[in-house]
Amino acid sequence: SVFLQYRKKRLRFGRSRIHEWGLFAMEPIAADEMVIEYVGQNIRQMVADNREKRYAQQGIGSSYLFRVDHDTIIDATKVGNLARFINHCCTPNCYAKVITIESQKKIVIYSKQAIAVNEEITYDYKFPLEDNKIPCLCGTENCRGTLN
Ligand SMILES: [Zn+2]
């Protein structure tokens with residue numbers, strides 16, 4: 001497995017005003033910095049579909065499946081890091097970017113702007129539109145109301 005080399009930001013897991021748990025900065029972060037890699041297992045669409053069904057049967061939400069492209073999904077349900085706890089926000093302070101290292105696709109969360117100590121780390125999940133709506137509780141002025 002290939003690892004990214006970057007200075008790890010000090011982050012903490014804690015109660016979130018948006019949704020249950022979230023990730024918070026423990027140090028000031030400047031704009032355009034690598035905040036954390038979204039770690040998980042790289043799986044194909046078919047495997048993701050099967051896992052999604054199995055997780056639903058087991059009562060596990062499928063919110064830790066991150067779509068990279070049409071046939072690559074990163075599953076952080078069982079093998080993940082703190083990045084899976086980052087909440088969606090319609091006016092986020094970070095964004096997710098797909099980068100390729102030695103032909104392996106990785107998702108990295110970058111800061112869009114300066115982030116203060118104790119500020120919650122958020123990004124826009126950019127979920128596709130679906131009939132079954134997931135309400136957004138980000139509470140920002142430009143909230144779209146739903147995640148999808
Ligand atoms: Zn929102």
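**View 1. Four strands make an open sheet.** The sheet holds 4 strands in the order E1-E2-E10-E7, with mixed pairing. Strand E1 (11-15) and E7 are the edge strands, and each pairs on one side only. Two strands pair if DSSP finds at least two bridges between them. Strands (E, at least two residues) and helices (H or I, at least four) are DSSP runs, numbered from the N terminus. Strands of a sheet pair through backbone hydrogen bonds, either parallel or antiparallel. This is a predicted model, where local features need pLDDT of at least 70, side-chain atom pairs count only at pLDDT 80 or more, and totals for chains, interfaces and linings use all residues. Residues are numbered from 1 along each chain as its sequence is written, and side-chain values use heavy atoms, with hydrogens and water left out.

**View 2. Strand E2 meets strand E10.** Strand E2 (residues 21-25) and strand E10 (residues 120-123) run antiparallel, joined by 2 bridges. Phe-24 stands opposite Glu-120 in E10. Arg-12 lies over the face of Phe-24, 4.7 Å from the ring centre. A charge sits over a ring if NZ of Lys or CZ of Arg is within 6 Å of the ring centre and within 35 degrees of the ring normal.

**View 3. Tyr-64 pairs with Phe-85.** Rings of Phe, Tyr and Trp (its six-membered ring) pair if their centres lie within 6.5 Å; planes under 30 degrees apart count as stacked, over 60 as edge-to-face and the rest as tilted. The count is 8 aromatic pairs. In this one, the ring centres of Tyr-64 and Phe-85 are 6.2 Å apart and the planes stand at 80°, so the pair is edge-to-face. Tyr-64 sits in the loop between helix H1 (45-57) and strand E5 (65-69), while Phe-85 sits in the loop between strand E6 (72-75) and strand E7 (87-88), 21 residues apart.

**View 4. Tyr-95 stacks with Tyr-110****.** Their centres are 5.8 Å apart, with 20° between the planes. Tyr-95 lies in strand E8 (residues 94-101) and Tyr-110 in strand E9 (residues 104-111), so the pair ties together parts 15 residues apart in sequence. Tyr-95 is partly exposed, at 31% relative accessible area, whereas Tyr-110 is buried, at 13%. Buried means under 20% relative accessible area, exposed over 50%, and partly exposed in between (1.4 Å probe, protein chains only). The charged end of Lys-97 sits over the ring of Tyr-110, 5.2 Å from its centre.

**View 5. Five rings gather in one cluster.** Tyr-38, Phe-66, Tyr-123, Tyr-125 and Phe-127 form one aromatic cluster.
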